[in-house]
Each structure stands twice: as structure tokens, then as C-alpha cells.
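Subject: Structure handover and notes on its salt bridges

Dear colleague,

I am passing on the structure below, together with some notes for a reader who has not seen it before. Please look it over before reading on.

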Amino acid sequence: MPRQRPTDDVIFLEFTRVHPAAEAWRKVLHLGSRLHFPRGAEILFQGQSGQAIYFLEQGEVRMVRFSQEGREKILWSGGPGTLFGETPFFDETPQRSTFVAAKDCIARAFPRRVVLEQILPSQPDLVLALFRS
């Protein structure tokens, strides 16, 4: 049976969690800035440069895009233990979507310098965790 092509009317949901190996992120939470986002807050904006990776401690985050008619489409959703913002961080490209707090959230933001100079050199297990996220 051939696969159907998605249309603009289809809303895609992908619920992901960081691979269990990414529990290693909990060892480095102290290196990230603790941020609180109330429900509905935009955390990352479409077009924004990827200057940090985020680890969600509490809450739910959704990656959304808006149609030309202004309709919100949910592309991805993640809960506690989820990493987000890593693609534009490593690709050094602008965000292609917006990340919104679906519930009140507490996240840790890890700036590029901290990730590349402190975390990855001292925590090689996180490299594997990133590939699996």
C-alpha cells in the first residue's frame, strides 16, 4: 500500500523522550541556566539562531508552525527529560519552528560555549545521548 502524502490539514504529533543514556544530562544541570516559562510562553522563535540546547525538567513543550492562514500545527511534543533546540544549535541554522510551553515549564538552557567547551569534553556519554535524542 503506498504511503499517503501529508497535506496541510494533517497535524503531526511526535512524542519523544531523550534516550535513557541522556540521564547523563542530569549530572550537568548545574551548568545550565534555570528558566521558568508559563503556559503559552514562546521559548524559541522561528528564525531565531540556535544559541542554546534546552533540557526540560518539568512541564511540556510543543514545537509548532503556523499555516499561512495562521492556524497552529503541532509538529512535536516533549515532556520532562526531553532535549530541544539541538538541531539549530549544531547545524548553526535558524529555528524553523517555534517552541511553546504547553504547560508551565522549568528548563535548563545550555549556551553553545558551555556545551562545546565544558560539557561535551568532560561528558563523552552525552555525545551518544545527543545522537539518540
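The notes that follow concern the salt bridges.

This is a predicted model, in which local features need pLDDT of at least 70 and side-chain atom pairs count only at pLDDT 80 or more, while totals for chains, interfaces and linings use all residues. Residues are numbered from 1 along each chain as its sequence is written, and side-chain values use heavy atoms, with hydrogens and water left out.

A search of the whole structure finds three salt bridges, a salt bridge being a side-chain nitrogen of Lys or Arg within 4 Å of a carboxyl oxygen of Asp or Glu.

One of them joins the side chains of arginine 108 and glutamate 57, at 2.8 Å from N to O. Because arginine 108 belongs to strand β9 (residues 105-111) and glutamate 57 to strand β4 (residues 52-58), the pair ties together parts that are 51 residues apart in sequence; strands (E, at least two residues) and helices (H or I, at least four) are DSSP runs, numbered from the N terminus. Arginine 108 is buried, with a relative accessible area of 16%, where buried means under 20%, exposed over 50% and partly exposed in between (1.4 Å probe, protein chains only).

Another salt bridge links arginine 62 with glutamate 60 through their side chains, at 3.3 Å from N to O. Here arginine 62 is partly exposed, at 30% relative accessible area, whereas glutamate 60 is buried, at 14%.

In the remaining pair, the side chains of glutamate 92 and arginine 112 meet at 3.7 Å, N to O. Glutamate 92 is exposed, at 60% relative accessibility, while arginine 112 is buried, at 18%.
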